[in-house]
Each structure stands twice: as structure tokens, then as C-alpha cells.
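This report covers chain dimensions, nonpolar cores and a surface patch. The coordinates are shown first.

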Amino acid sequence: MLEIEIDGKKAQVPDGSTVMDAAQQLGVYIPHFCYHKKLSIAANCRMCLVQVEKAPKPLPACATPVTNGMKVFTHSDLAVKAQKGVMEFLLINHPLDCPICDQGGECQLQDMSVGYGPMKSRYTEEKHVVFHKDVGPLISMQEMSRCIHCTRCVRFGQEVAGVMELGMANRNMHSEIMTFVGRTVDSELSGNMIDLCPVGALTSKPFRYTARSWELQRRKSISPHDSVGANLVVQVKHDNVMRVLPRENDAVNECWISDKERFAYQALSSDARLTRPMVKQGGGWREVEWNVALDYVAHGLKDVAREHGGDAVAALAAQSSTVEELYLLGKLMKGLGSGNIDFRPRQSDFGSDFKRAGAPWLGMRLADIKDLDAALVVGSFLRKDHPLIAQRLRQAAKKYTKVSMLSVTADDQLINLHANLSVAPSQLVFALAAVVRAAAEAKGQAVPAGLENVQTCDTSCRIAASLLDGEKRAVFLGNVATQSADATRIHLLALELGRLTGASVGFLGEGANTVGAHVAWALPSGANARTMFEQPRKAYVLMGIEPEFDCANPQLAIAALRQASLVVCMSAFKNDPALEYADVMLPIAPYTETSGTFVNIEGRVQSFNGVVKARGDARPAWKILRVLGNVLNFEGFDYQSSEEVRDAVIGQGVEFVPGLSNDVNDLLLSLPAAPVAALERIADVPIHFADPMARRAPALLQTADARAPMLRASAGTLAALGLVAGEQAKVRQGEGVAQLMVQLDDKVPANCVRVAAAHPTTAMLGAMFGEITVERA
Amino acid sequence: MAMLGAITPVLMAGLDGDNSWSLKDYVARGGYEQLKRILINKMTQEDVIGEVKKSVLRGRGGAGFPTGLKWSFMPRSFPGDKYVVCNTDEGEPGTFKDRDIMRYNPHAVIEGMAIAAFAMGANRGYNYVHGEIWELYKRFEAALDEARAAGFIGQNILGSGFNFELFAHHGYGAYICGEETALLESIEGKKGQPRFKPPFPASFGLYGKPTTINNTETFASIPFILKMGGEEFLNLGKPNNGGTKLFSVSGHVNRPGNYEIPLGTPFATLLEMCGGMRGGRKLKAVIPGGSSAPVMPADVIMDCTMDYDSISKGGSMLGSGAVIVMDETVCMVKALERLSFFYHEESCGQCTPCREGTAWMYKVVHRIENGQGRPEDIDLLNSVLGNIAGRTICALGDAAAFPVQSFLKHFGSEFEYHIEHKTCLVPKDVQWAGSGFHKIPA
């Protein structure tokens, strides 16, 4: 520990601290622009110059290491003169037109110029003009003359996003921030650069000039977009969500959010919202009052249950539904005598149902990822499925964590990987088995029963060795592992690997409330998400999902829905395909308009309130379900608030839910028979098509991540199929046919084609990881 | 090569032959003997560094930091990679000495670097050559090939078990890449921008490994120091200013060129060696150490001897030894305008005071030179340069501020005249006569 005195205040700081660290510990404010606690030190803005005793010159607080007994003065004449000098330099070429700048009112330069800037400029020469740039639909670089060259955006790209998309070109006052000749900024975390920019150089394109920061009310919320449950500040004007920013929580999202979380709000106030309950009558749709719609639904469900038994009713909910919604939906189904409820529409193997020891979760806290010595991610499009977990692993890999990937494509995760193995979906289970076997052999233990015929390879041995080395290690099962036809086997193999190596085993989680859904017991006692469509039911309740995009096998789901006599679709958005098979459309409130609770993948309970009034006649889904329960005269539907529901499910003031476990009872490790050699489909869920909200956010749909799916395959596979990159091809699964552009992608394993799911052009296809046939168009 | 008078050169001795840069000639002059002696007699690292310390060799690149002391900062026993880097990125206006060393005596640099590498336990070296002297980069590459073939660099040098790989790397002419950490960034393939120090290169240098960077002339002096002994080298010069040094004399003298003279030689003697002032005109001012050194008026410099301490006492710095001589035909405003433009142009743009301040200073000086000056401009310049000096990441900010400061200090009246009369104090025809390029209009 070192002793330091800043402005007369004494503090003890750890070795290696900088003066800035010490000042923050003491609560002394030192002005700065380029310094950011999550980024490397650049010391280029020079705003944080302070006086240090015995130093002849002022020193930058951000980069000056504390020495024992150091005395620092942040407000001495020397320090203030230096700071004012820097401020004058920053302002000479900066446009002084704050009233017409989009950053006005929330600009660090503007704020600090009040404290340190001169009343009048001594600079009478022409100001430097920097040409604007177009870097894509999210970040506006329209006013680059405002840039003060702090390079926060550049460092963010290099260090946090993992890809240097912005750089500072040229030198002297002609320096400018730009992308590599004509490219766009495509990182899934790019929006954070807008927050980092201390001036109005990088601004949010969708938000630009739609509101002033002082007109906005800041309200806390929780992201419904992925399993991390990023903490958000939703900024609101006149009951409209104007923008979404990260709320700092080091244990969850640090100070970052993904672009999906940042820009999906655009869908909330768009015309795509469903605002009135609608009932199909005589083949046409009619807007009705809520009481009419609910009566219709209640009677319809009751009639089906009475005539065909409760088992003829099924409910399927999105994983981004709240604990309250899922719990009440489950209760409603129970009241109808049905156990057919599920929240895992993309899953196809439910072998571990009734066998799990608890709610599956990450197996550790998010904040502990940085301390891992090794991690293996199995079956994941990590960067796109879990941008913030990928970010944490990226930072960890920079230090000493050996991060390995075992997945179905070799996509660049922008992580310095220890090993990267990609295999066909049907081979994933065998590849993981090889790692298990390698681990057993490395430990000198007997090869687990069932794995006698598995062949190890160099990579599997390398991965196994990394998992055996060090204190803390983890195996993470990604969305592909969860959605795989061999999900249970992969789960069991991961547990065996954990047992052999001492690594923790966890799931990355498909949705915002995956753990919460388990806790709310929205699990089937009857038909699950697959069987409820394989054996068609008479009535379906769909909550927050769009089966054509969200199901493991959309063909099967749509066919079942078409034959049903009653389909109740609870949705926040108009959904044209649903108009064909649904009978009732109930407008529900998205996360900004309802209160509720998400339990994130580490088991953290995060409740939130609505931040704006519900749009039109939309109502919180938990209220709709509660009233439905009342109309049906079911017991236990008397909740007055969502908090009451939550307390009934989780209890009051619980920070982490109990009963988390990834263990499985009574299941034996086994491997499937060697798969028949057939062309396999690899279906990723493109990041901006993963949920109904993102699908309707115009800016997100213009990004590189939202390009229409192509048929991607390696050169060898293309040659074997007689396809040529750049031409059209027809892909077929069952009855479904899609025509796609062919793209060469050597990151796709042999004998596989990558055809994304969740997109209108591929919605008519079948199983995400099933057989597929391809022919030239 | 201009080496005149009774003074005996050291570094540049015996370079009269047609092939002085060849290995054969260098060996004939006694080259590589010191490397052999060290490796075969198994001199210790401490002995070598001790000898360099005794010589009080001060860094020839500009800062004048004692080389022996710098070498002793290197964690010699630190396991893993260590580097020695030679800074031949000679970009300082007025300086042209390193290119002559590279042109005529490249093997002295190679031998010096090999000895330095041995003394500091480094096994890899780079010579960063300025981008605008391409032919010398090629010549150095050829010299490296010769040295490699003869076994003076490479693996297991002279059977001693000592390995040293040396590579040449050329830049693209940016002045800032002569700053040692910007130079390291440039070798690493990044944009040449100085790093913030600490950490210093001795602990975190090239690729994050301990690194020592010295000037070409510094490395070239090493074999000669070991040959004659540190003490004798020191005695060539004067106390605390050991040895001889190359001075690049340019400007209004009869014989501009490189002059190797002992440190402590009076300026008057150097001027005499250069054949005196051109056209017999009166000396007005001298920039004694490259364009970033403060200018010295004639009467001050005439009393100085050419060494670090005397020049420093006179209010400037010896820097790289680039002596820019200006006679009475020079308009100091015009001269400063050119200098300020250089620093504005070469600022890397990384940190605020330098990026914004150098441009501002240039614009103001430019304005004064072009008859647009205002009475408050001199105060403004002094205030702006005060906000740059000492506030930047590297020394370029200081280098840009010192000329302005010293020109205003010593020749402020010319600036005032310019502002008041919208024209030069030195009449245009006198300036043209002195330039040697303009014909005086009839």
C-alpha cells in the first residue's frame, strides 16, 4: 500500500495505482476526457494535468503512478493553469455552437468548458473542418469537426469489442477518426462508442435530434434481450422511449450493452405495435374491447378443455417473458387441466426434463469469469448470442484465461482462443466426448462407460489439458448445445467433463429469463415445446413468440397451429403470419410498459417497473392472465401487483434464486449411433432477429448483422454440391423451400450448409440442425 | 568529408579510401578488433559498461544523456528477449551527421551495436533508418550482409556462444519516429506515436521487452572508446563532455558540412574551420543543436565552447550538434515561420497541446510574417508556447516551443517591427542577397 495526499486528503492506495485511481478513491474530481476506467491509459487529452510535489512540470493524473508519500494538488495555480491551457487548446478548433449540437446538454467538453474555459476565444484563425463519414446505421459521424481526438472509441474497438474498426488517421491537426477506407462499424458492441465519446462527434443515428437530454426522464430497467440481463437506463419523453443506455453494474454488464439492447427500442413506438385486441370473425379480423376479447378467450379455452380434455390445450411462451407472466400462464394451464406449457421453443431434445436437480444456470457468477484459468464454450455463436459474455471472455483471454471453443462454425469470436474446433452439428456430441476421454486419459482415470470407441485428437487433448490446469475452470454450454438434437447427451458429457476436471458446468442461456422460467415452473408436465406440435392440439396460447421464427422446426409448428380450433396470440407486435392461424390477438406490453422480474443466467433476481404508459390498449401480460383466471373462476388469481406475484414465486428481497443446479439424476452417459452421412443444416439465430422487438427495429435491420441469410458452405462442400459462390441455390427441408445466394465460407465444417433461422426468407424451412437438400436454382 | 586543421578525427578517421564502408576497409582500419577482444578475452558486461561510463560518452542524438548510465538501467539478467535499437531516424532540421556515418562507416555502427548488445544481454537489434535516406538503408543492409557472412553478427559470434541478430528497418520519413518510443511503435508496425513514460523503454520497450535505444553516432563511438580506453576518450573532450562529436554545420558559412571536433572546442574555431562567414558578412545568430534548440545571438555563441555544458550555460542545448549559422541578411520572423511550420506539420496529433498549439503558433507567426500581425500577438505566442512546453507526452511540444520562445526573447524587436510596419526589419533585397538563390531585381 502506498500513501498519497491529494489536496490535503490522505489515502492508502494499492501498489500500481495511478493518481487518478487515488483521486477517485478519495472522491476528488480531476477533469479528464481520454481517461476511462475500462480502457487503457492514453494520456493524450492532457486535461487531467495536476501538480505533483517536487515535479517540475504538471503531470497527467491518469498516467502518473503513485509513489509513497506523494503530494498532489489538483487545484493549485500550476494545475489550474495547465488545465485551462489544455481546455483552450481543445476549444480552438471545436465548433462553439452547442445550441445546435446533438450532444449539447450532456457533453463533457461543454460541462468542463464552463469550469475551465475562457470567456472569449483568443483564436481568430479559421477553424479546422473535418469531413463527415458514414459508418453505418447506428453511429453518426456527421460532425467530426467536434472530435477532440481522445481515442476512446479507437481503444474501445481494440480492447473491448476486440476489433479495431476506428482508427486515427493522418497526423497533426489533420488527424481524424475514421474507419478503414469506406468500411462501416459492424461490431455488435459498437453503440458503446457513442456513450464513450465525450463530445458530439459520435452520436446515435436513430436518436439524433429527436430530443434534448434535459427533456428526458431517466428510468431504470432490465434488458429483455439476452441472458445477461443488462441493466438499462431508459430515457423517456412524453411516454415515448427515446433511447436506451447502459446502467453501470459491474457485476452484470459493467458499463456496456450490445447494439441490440441499445437500438431495439425503435420498435416500441413504431407502427408495428399491436395496440388493440382483435378477434377473427368469419375469416375477417375485428377490433374489440378487452372484455369481449377475454370472454372469447376464456370461453374458447374452457370449451376445448371440456370437450377434448385439458391435454388438448397447450401454451408456449418466449424466454423473455417475465417470471410473473410465466408463473400465471402456468397456473392458467393448470386450471384448464393441462400440463402442456413450455418456454423453450427452439429446443428439440427434452431428455433431461424431470431429471434435473435444479434450474440450469451459468454455474458461476458473471463477474467471476475474469478469474477463470480456462474455459470451454461448447456449441455457441458466442459473439452474436451473448455479446457481453463474449466480451468478458475476451478480456479474460487477454490475461491468462485459456478460452477454447468447440462449436459448429469457426466464426471469429475476436477472442484470443486457446483452441478452436468446429464440427458438424451431428458430430458435436462426439467431439465433446473426445474431450471427455482425453481428460480421463490425462488424469489416468478409466474412460467413462460408453466412450470406449471415441477417438481423441490433438485439439481435444489440448482442450482437456487446459481444463485440467489451474484453479478455476468452466465449461459453458451455448445455445447450439441447448438446441441440439443431442442436447441431453451433450449436457451429460459436460457434467462428466466437469467431474473429471473439476471445472464448473454451466449454460449460457437462450433468453433473458431462462432461469426465471425454471423458477416459475413454466415447465411441461405434459407435452413440451416439441411434442405439443408433433401431436397437434386443439387450442394454443402463444405468449411473446412468433413460431415461424422462434421454433426449432417452424414447419411443424405452423402446421399444428393451422389445424387448431383456437389460437390465442399474445403479442406486443402485429404479426402478419399470425393473422392467418391465430383466432385472437391480444396486445401485451413489452418490457418498457410492464413491471416484472427477470432472473439472469447467474440467478440474479432483477425486478423492474414500466417506464412508459402502455401503448394504445396494450396491457401487461401478467394482468391479462390474471383477469383471464378471474373470468374462468380459477383459484389464486387475486394478485394486485406484479410484486405480489413475484413474492409468491421467489419470495421477497431475494438477490439470487436458490435451487440452481446443472446436475442431472438417473441418466446414463451414452453416445448416439454414428449419424448417416447427409448434408446438415447449421442454423444460427442472427443477433438482430433473435426476438420480436429487434426484428422490428429499423436501424438494426440495416446493419451488417441483419443481412439476409445466405447459403454458406466451405469450398469443398460447394464443389461437391455443384454450387458456385455468388449464384442462387434452392434449399429444401420437408415441404419448405427457400432460394438463397450462395456464399463461400470456409468457417463452415464440411458437409454442412449454414442457413440462418429466424428470418422471413428461411422461416418456411424445417429443423435448425436437421437434414437439408440443396440444388442449383 | 571536410576534416581540416590540426584536429584529429576519431569516428571518421581514415575514411579517405574509395570503399571506406566495406568490411575489408573497416577491418583494415582495426575494425571488429574490439568485438573480438571482448568476446575472446571474455570481458564481463560490467567491464564494458564501466569503460563506457568512464568515457562520459553522452547520447549524441540530442538529449545528451550519459550512455553508460543508460546501459546500466537495462535489466541485464532479466530472462527473455531484450533489444538494442539504433536510432538513425535523423530528421531534425539541420542535422546530417548520422547519414555520413552510415555512408562511410556503417560497420562502426554494427560493431558498436554488437558490443552494446553483449553488454546489456540483448540478442536482437534493429537499426531504424530514416525513410528519406533510402540509399544508405541499402548500404547498411549490404554492410549487415558482410558482417553476417564474416560471423560478426548472427549465432555464436566468433565461437563465443554469444548470439546477436541485427536488422535494418526503414521508416517513411516522419520526424516523430525519431522519438524513441514512437520509433519502437513504428518498428512494431503501428502508427508512429510516442508512448507515455513511465514505463521507460529499459523496462517496457520494443514488444514490451527491455530495450535500449541509442543514436547512430553513440553506437559508432563505442568501438573507439574500447580501443583507446574510456579515460582517453574522455580526455579528448573536457570533463563531463567526453570525446569528439560530429557537428553538422549549415547556413551562411563558406564550407558547410560535417566536422568532427573534440567537445569543448570554441565555436570560433569551428566557424574558422568552416571557412568563416559567407561573403564576410556579420554573424547574427546560431541555432547550435538542431532546429529544436533555442537560438543564440552572435555575441553569446561566440563566447561558448561546443560542448553540452557550455551551450547549456549559454541558454540553449547542444542537441544533435546541428549548427545552423545565420548571418545579418536573415529575417528572424521568416526563419521562425519556417521552423514553426515544420513542427506543426510533424506533430503526431496525439496529444492536445502539441496538436492544437503547434498549428496555432504557426498560424500566428505566419500572420506576422505576412503583415497581418497584431500588437498582442507576441504576448499570445508567449502564452501559447507556455501552454505547450512541459505539457505534452513527448518532447516535440518542447521542441516546437523553444524556438519560438528564444526567437521572441532575442529578436523580439524584429517581430515588433514586423507587426508595426507590416514588413521585415531586414530589407528584402538584403535578404535576397544573403540567400544566394535570388537575383536582386534590377
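Which residues of chain B form a nonpolar patch on the surface?

## Surface patch

The model is predicted. The patch consists of Phe65(B), Leu69(B) and Phe73(B), which together have about 270 Å² of accessible area. Phe65(B) sits in the loop that lies between α3 (45-55) and α4 (67-72) of chain B. Its relative accessibility is 35%, so Phe65(B) counts as partly exposed, because the partly exposed class runs between under 20% for buried and over 50% for exposed.

## Chain B as a whole

Chain B contains 18 helices and 11 strands. Its C-alpha atoms fill a box of roughly 75 × 45 × 35 Å along the principal axes. The radius of gyration is 22 Å, which agrees with the value near 22 Å for a compact globule of 442 residues.

Of the 442 residues in chain B, 61% are buried. The chain exposes about 16,200 Å², and carbon and sulfur atoms supply 54% of that area. Of the contacts in chain B between residues at least 6 apart in sequence, 71% join residues at least 24 apart.

In soluble globular proteins, nonpolar side chains tend to be buried together. Here the largest nonpolar core has 151 residues, and Leu393(A), Phe476(A), Met570(A) and Leu586(A) have the most contacts inside it. Helix α7 (residues 290-308) of chain A gives the largest share of this core, eight residues. Another core, of 59 residues, lies apart from it and includes Ala335(B), Val365(B), Ile368(B) and Leu381(B).

Not counting residues up to four places away in sequence, Leu393(A) touches Ile369(A), Ala375(A), Val377(A), Leu382(A), Val403(A), Ile415(A) and Phe476(A).

Methods
Residues are numbered from 1 along each chain as its sequence is written. Chains are lettered from A and ligands numbered from 1 in the order in which they are written. This is a predicted model: local features need pLDDT of at least 70, side-chain atom pairs count only at pLDDT 80 or more; totals for chains, interfaces and linings use all residues. Side-chain values use heavy atoms; hydrogens and water are left out. Patches are made of residues with over 30% relative accessible area and no salt bridge: like charges are joined within 9 Å, nonpolar side chains (Val, Leu, Ile, Met, Phe, Trp, Tyr) within 5 Å. Accessible areas come from the Shrake-Rupley method with a 1.4 Å probe; for residues, only the protein chains shown count as cover. A salt bridge is a side-chain nitrogen of Lys or Arg within 4 Å of a carboxyl oxygen of Asp or Glu. Helices (H or I, at least four residues) and strands (E, at least two) are DSSP runs, numbered from the N terminus. Buried means under 20% relative accessible area, exposed over 50%, partly exposed in between (1.4 Å probe, protein chains only). The radius of gyration is taken over C-alpha atoms; the globule rule is 2.2 Å times the number of residues to the power 0.38. Contact means heavy atoms within 4.5 Å. A nonpolar core is a set of buried Ala, Val, Leu, Ile, Met, Phe, Trp, Tyr and Cys residues joined through side-chain atoms within 4.5 Å.
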